Amino acid sequence: MTTLNSRLQLAMLNRKKGRNALEKGFTLVELMIVIVIVGILSAVALPNFLSQTSKAKATEAKTLASAALKEAQVAWTETGADGLTAWAEAPADGGQCPAATDNFTFACDGAAPAAVTVTATGTAASGDLSGETITGEVNVTTGGKIAFTGSEKAGLKEE
């Protein structure tokens, strides 16, 4: 009886091993469900990721303009109107107006010292922000906060 019992147990074990080998892996339906879920998640997330590049480019322009306007405040403090005229020149000529980057070209206005508001304007050359303008302004005589204006596309609201 024990040999019959042990043969029966051996046969059951062999049957279970064979069935487990066939049950490994995923079914086609399970794989299709996962692919659909991943597709939906990527369709929702992709536009958010793509807009991050535009925001980064706009932040680059704001940072460069902000640094240039701080230099304008220093130039005004140290040398007055002559300092602003020199500040507005291109970097190649010894000025502090930001040099053109891959994404933006800059123009600085400090040539009219009677106007106490100095501006640094960056215009996007390519990409999603093509033609968009970011303008930073500061009153150099009183100092204070640098104000930025530009389009909503550049992450700024028109004022």
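At 46% relative accessibility, Ile37 counts as partly exposed, a class that sits between buried (under 20% relative accessible area) and exposed (over 50%), judged with a 1.4 Å probe and protein chains only. Ile37 belongs to helix α2, which covers residues 28–79; helices here are DSSP runs of H or I with at least four residues, strands are runs of E with at least two, and both are numbered from the N terminus. Together with Val29, Ile33 and Leu41, Ile37 makes a nonpolar surface patch of about 390 Å². For such a patch, residues need over 30% relative accessible area and no salt bridge, with like charges joined within 9 Å and nonpolar side chains (Val, Leu, Ile, Met, Phe, Trp, Tyr) within 5 Å. A salt bridge, in turn, takes a side-chain nitrogen of Lys or Arg within 4 Å of a carboxyl oxygen of Asp or Glu. An α-helix has 3.6 residues a turn, so residues three or four places apart point the same way.

A word on the source: this is a predicted model, in which local features need pLDDT of at least 70 and side-chain atom pairs count only at pLDDT 80 or more, while totals for chains, interfaces and linings use all residues. Residues are numbered from 1 along each chain as its sequence is written, and side-chain values use heavy atoms, leaving out hydrogens and water.

Back to the protein as a whole. There are three helices and four strands, in the order α-α-α-β-β-β-β from the N terminus on. Of the 159 residues, 26% are buried. The accessible surface comes to about 10700 Å², and carbon and sulfur atoms account for 61% of that; areas come from the Shrake-Rupley method with a 1.4 Å probe, and for residues only the protein chains shown count as cover. Taking contacts (heavy atoms within 4.5 Å) between residues at least 6 apart in sequence, 38% join residues at least 24 apart.

Helix α2 runs for 52 residues and reaches 76 Å from its first C-alpha to its last, close to the 76 Å expected at 1.5 Å a residue, where the expected span is 1.5 Å times one less than the number of residues. Even so, α2 has a kink of about 30° at Ala45, shortly before the proline Pro47; the bend is the angle between axes fitted to the seven residues ending there and the seven starting there. After α2 comes Gly80, with a positive phi near 70°.

The buried residues of α2 include Ser54, Ala58, Ala65 and Ser66. Ala58 counts as buried because its relative accessible area is 2%, and its C-alpha is 9.4 Å from that of Glu132, 74 residues away along the chain. Ser66 is buried at 15% and touches Ile146 and Phe148, leaving aside residues up to four places away in sequence.

Over in strand β1 (residues 104–109) sits Asp109, partly exposed at 42% relative accessible area.
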